[in-house]
Amino acid sequence: MTTPPIPVDVILPCLDEAEALPWVLERIPPGWRALVVDNGSTDGSADLARSLGATVVREPVRGFGAACHAGLLASTADIVCFCDCDASLDPTRLVPFVSELLAGESDLVLGRRRPTRRGAWPLHARAGNLALSRLLRRRTGLRLHDLGPLRAARRTDLLALGLTDRRSGYPLQMVVRAADAGWRVAEHDVPYRPRSGASKVTGTWRGTWQAVRDMSRVLAETAAPAREGAAR
């Protein structure tokens, strides 16, 4: 698998992921930049990431969306990718996503998580994801199976979407607004490993329910016209 010869920023939202960081960062494709967005870690994640060669961005406002968007604002590459920082997803899987963007075949490429073993994806998290995928289909017509965090798109186009959610609804809002703007959205299977440490969002029924509530608010958004520079 050949790495596309252009600068790419990989945004890695991080909250106490020191255990997983070495595995994740060593799998950033050569020539790409890792942007670790520290969202208030107390386990030394930021210092560790910096020592391993990553660029560290600090985002004091807690929230998955807040961390992701801080990384997007700090990025400078034409293409940006997103990946969880818990070692559940392998950043090398982003290489074909970027190739697809460069070939002009898609505008947003998403990874459909495929668990590699039992327990990698808790039942309550899978159930919540399935329900939201069905609601997304009704809202946008996109026949997606997952709203996973592994994804790639062009930076300027993402900024033009005007994303406002700063909690768990951020990944869904990106897809909804991309669909409203007429983007070509693709989905490809990616292996999903048991995460390192406890999940900050969907590790419990309560966390999953809160994520579903955040995303339901996003789905209630009125379809907006294609934003300038975002439509295809």
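This is a predicted model: local features need pLDDT of at least 70, side-chain atom pairs count only at pLDDT 80 or more; totals for chains, interfaces and linings use all residues.
Residues are numbered from 1 along each chain as its sequence is written, and side-chain values use heavy atoms, with hydrogens and water left out.

Visitor: What volume does the largest cavity have?
Guide: A cavity is a set of points, on a 1 Å grid over the protein atoms alone, where a 1.4 Å probe fits but cannot get out. Points are joined across faces, edges and corners, and a volume is the space filled by probe spheres set on them. One cavity of 30 Å³ or more is counted, and the volume of the largest cavity is about 40 Å³.

Visitor: Which element gives the largest share of the lining of the largest cavity?
Guide: Lining residues, which have an atom within 4 Å of a point, include Phe64, Cys68, Tyr170, Pro171 and Met174. Helices are DSSP runs (H or I, at least four residues) and strands likewise (E, at least two), numbered from the N terminus. Two or more lining residues come from each of α3 (64-74) and α7 (170-180), and the largest share, three residues, comes from α7.

Visitor: Is alanine 87, which has a positive phi, buried or exposed?
Guide: Alanine 87 has a phi of about 70° although it is not a glycine, and it lies in the loop between β4 (79-82) and α4 (95-102). Buried means under 20% relative accessible area, exposed over 50%, and partly exposed in between (1.4 Å probe, protein chains only). Because its relative accessibility is 7%, alanine 87 counts as buried.

Terms used
On a 1 Å grid over the protein atoms alone, a cavity is a set of points where a 1.4 Å probe fits but cannot get out, and a pocket is an open set with protein on both sides within 12 Å along at least five of seven lines; lining residues have an atom within 4 Å of a point.
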